[in-house]
Amino acid sequence: MRTIAVYPGSFDPPTYGHLDIIERSSRVFSRVIVSVARNIRKDTMFTAAERMTMLRTLTRSFPNVEVDSFRGLLVEYVRVVDAHVVVRGLRAISDFEYEFQMAHMNKKLSPEVDTVFMMTGERYSYISSQIAKEIARLGGKIDDLVPPLVRERMLRKLGRKK
Ligand code: ADP
């Protein structure tokens, strides 16, 4: 059976935590569509196009991973791309409540779609895009949080060279 999975998120910016989930999903599903949500928040550091470009470069070595974006209802998008699985990552109990609600709501809206959760990798449990942005803004080291390409683009956005 060929299983197509959608991994949706803001990815503002992509972190090592996201990449870990992408790599592991690519081993579980026959095709993984990493999809950038275009309408969740307006105050993003990167445009959807910039986030997609970074994700494409970072996932180049995975032949069954592709990058796309979506607007509107996730389950509607999942139906359009002919997928039946949504992948989400779980870091802490704090993620659980929101994810629990979303998974149930999506199941109600589209019973044929299942949400599959991947536990964060031990080394990545404390990483979030938000934390990476905050540390970068305060001039801290983000080498362990995001790949070099993302780090460079973040520093450029913040008007710093290195
Ligand atoms: P969203 O705004 O949709 O939560 P994010 O880009 O913050 O978008 O996250 C996308 C998905 O990746 C979510 O399921 C989130 O829980 C998961 N995720 C983010 N960071 C990590 C991490 N360090 N480890 C595991 N999963 C993560």
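**The sheet and what surrounds it**

Visitor: What order do the strands of the sheet come in?
Guide: This is a predicted model. Its 5 strands form an open sheet in the order 3-2-1-4-5, with parallel pairing.

Visitor: Which are the edge strands?
Guide: Strand 3 (65-70) and strand 5, as each of them pairs on one side only.

Visitor: How far are neighbouring strands turned against each other?
Guide: By 30° on average, with direction ignored.

Visitor: How many bridges join strand 4 to strand 5?
Guide: There are 6 bridges, and the two strands run parallel. Val85 stands opposite Asp114 in strand 5, and Leu90 stands opposite Met119 in strand 5.

Visitor: And between strand 1 and strand 4, how many bridges?
Guide: 2 bridges join them, and strand 1 and strand 4 also run parallel. Ala5 stands opposite Val85 in strand 4.

Visitor: Which strands does helix 1 touch?
Guide: Helix 1 packs on the sheet and touches strand 1, strand 2 (31-37), strand 3, strand 4 and strand 5. The direction of helix 1 makes about 120° with that of strand 5.

Visitor: What about helix 4, which strands does that touch?
Guide: Helix 4 packs on the sheet too, touching strand 4 and strand 5. Its direction makes about 170° with that of strand 4.

Visitor: Which element gives the most to the lining?
Guide: Helix 4, with 8 residues. Elements that each supply at least two residues include strand 1 (4-9), helix 1 (16-28) and helix 5 (129-137).

Visitor: How do the lining residues divide into nonpolar, polar and charged?
Guide: The lining has 20 nonpolar, 15 polar and 7 charged residues.

Visitor: On to single residues. Where is Phe11 found?
Guide: In the loop between strand 1 and helix 1. Phe11 has a positive phi of about 50°, although it is not a glycine.

Visitor: Is Phe11 buried or exposed?
Guide: Phe11 is buried, because its relative accessible area is 1% and the cut-off for buried is under 20%.

Visitor: What joins Asp12 and Pro13?
Guide: A cis peptide bond, with omega about 0°.

Visitor: What is the phi of Asp82?
Guide: It is positive, about 65°, although Asp82 is not a glycine. Asp82 sits in the loop between helix 3 (74-80) and strand 4.

Visitor: Buried or exposed, that Asp82?
Guide: Asp82 is exposed, because its relative accessible area is 52% and exposed means over 50%.

Visitor: Last one, Arg51. Where is Arg51 found, and is it buried or exposed?
Guide: Arg51 is found in helix 2 (residues 48-58). With a relative accessible area of 4%, Arg51 is buried.

Visitor: Which residues does Arg51 touch?
Guide: Not counting residues up to four places away in sequence, Arg51 touches Ser10, Phe11, Asp12, Pro14, Val36, Ala37, Thr44 and Phe46. One of these, Ser10, also came up among the residues closest to the centre of the largest pocket.

Definitions and conventions: Residues are numbered from 1 along each chain as its sequence is written. This is a predicted model: local features need pLDDT of at least 70, side-chain atom pairs count only at pLDDT 80 or more; totals for chains, interfaces and linings use all residues. Side-chain values use heavy atoms; hydrogens and water are left out. On a 1 Å grid over the protein atoms alone, a cavity is a set of points where a 1.4 Å probe fits but cannot get out, and a pocket is an open set with protein on both sides within 12 Å along at least five of seven lines; lining residues have an atom within 4 Å of a point. Helices (H or I, at least four residues) and strands (E, at least two) are DSSP runs, numbered from the N terminus. Ala, Val, Leu, Ile, Met, Phe, Trp, Tyr, Cys and Pro count as nonpolar, Asp, Glu, Lys and Arg as charged, and the others, Gly among them, as polar. Two strands pair if DSSP finds at least two bridges between them. Axes are lines fitted to C-alpha atoms, for helices over the stretch in contact, and angles run from 0 to 180 degrees between N-to-C directions. Contact means heavy atoms within 4.5 Å. Buried means under 20% relative accessible area, exposed over 50%, partly exposed in between (1.4 Å probe, protein chains only).
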